[in-house]
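Hi,

Have a look when you get a moment, and read on for what turned up.

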Amino acid sequence: MTATENLIKTYYEAFNNKKFNEMLNLLTDDIIHDTNQGDRSVGKTAFTAFLADMDKYYDEFLNEMVIMVSADGKRASAE
């Protein structure tokens with residue numbers, strides 16, 4: 001497993017365990033998060049607020065994820 005794959009796997013394991021602080025520690029301060037509804041939150045403070053709000057209304061768990069990483073490790077996605 002590459003470092004990039006490990007980073008993504010660690011992020012989503014923290015998500016599934018509702019360890020949002022662990023997720024946030026993996027992100028840079030200038031994170032940009034575009035939601036499915038079209039809103040954009042910029043920065044960890046805004047993303048933290050989004051997570052808290054989401055946690056009020058959803059009990060989401062992601063499984064059977066596929067992590068895809070380019071050969072150079074600079075581009076990745078999770079489905």
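His33 is buried at 19% relative accessible area, where buried means under 20%, exposed over 50% and partly exposed in between, with a 1.4 Å probe and protein chains only. This is a predicted model, so local features need pLDDT of at least 70 and side-chain atom pairs count only at pLDDT 80 or more, while totals for chains, interfaces and linings use all residues. Residues are numbered from 1 along each chain as its sequence is written, and side-chain values use heavy atoms, with hydrogens and water left out.

His33 sits in strand β1; helices (H or I, at least four residues) and strands (E, at least two) are DSSP runs numbered from the N terminus. Leaving aside residues up to four places away in sequence, His33 touches Asp39, Arg40, Ser41, Phe47 and Phe50, contact being heavy atoms within 4.5 Å.

Three aromatic pairs come out of a search of the whole structure. Rings of Phe, Tyr and Trp (its six-membered ring) pair if their centres lie within 6.5 Å, and planes under 30 degrees apart count as stacked, over 60 as edge-to-face and the rest as tilted. Tyr11 and Tyr12 make an edge-to-face pair, 5.1 Å centre to centre with 85 degrees between the planes. Tyr11 is buried at 16% relative accessibility, whereas Tyr12 is partly exposed at 24%. Phe47 and Phe50 form a stacked pair, with 6.0 Å centre to centre and 15 degrees between the planes. Both of these Phe residues belong to helix α3 (residues 44-57), three residues apart, which is about one turn of the helix. Phe47 is buried at 4% relative accessible area, while Phe50 is partly exposed at 27%. Ring pairs also link Tyr11, Tyr12 and Phe15 into a cluster.

Now for the open spaces. On a 1 Å grid over the protein atoms alone, a cavity is a set of points where a 1.4 Å probe fits but cannot get out, and a pocket is an open set with protein on both sides within 12 Å along at least five of seven lines; lining residues have an atom within 4 Å of a point. Grid points are joined across faces, edges and corners, and a volume is the space filled by probe spheres set on the points.

The largest pocket holds about 600 Å³ of space. It is lined by 23 residues, and His33, Asn36, Phe50, Met54 and Glu60 are the closest to its centre. Helix α3 gives the largest share of this lining, six residues. By class, the lining has 15 nonpolar, four polar and four charged residues (Ala, Val, Leu, Ile, Met, Phe, Trp, Tyr, Cys and Pro count as nonpolar, Asp, Glu, Lys and Arg as charged, and the others, Gly among them, as polar).

The second largest pocket has a volume of about 430 Å³. Its lining includes Tyr11 and Tyr12, and α1 supplies the largest share, five residues. Here the classes are nine nonpolar, three polar and no charged residues.

Finally, there is one cavity of 30 Å³ or more, and the largest cavity has about 60 Å³ of space. Phe15, Lys18, Phe20, Met54, Asp55, Tyr58 and Glu60 line the largest cavity, four of them nonpolar, none polar and three charged.

Best wishes
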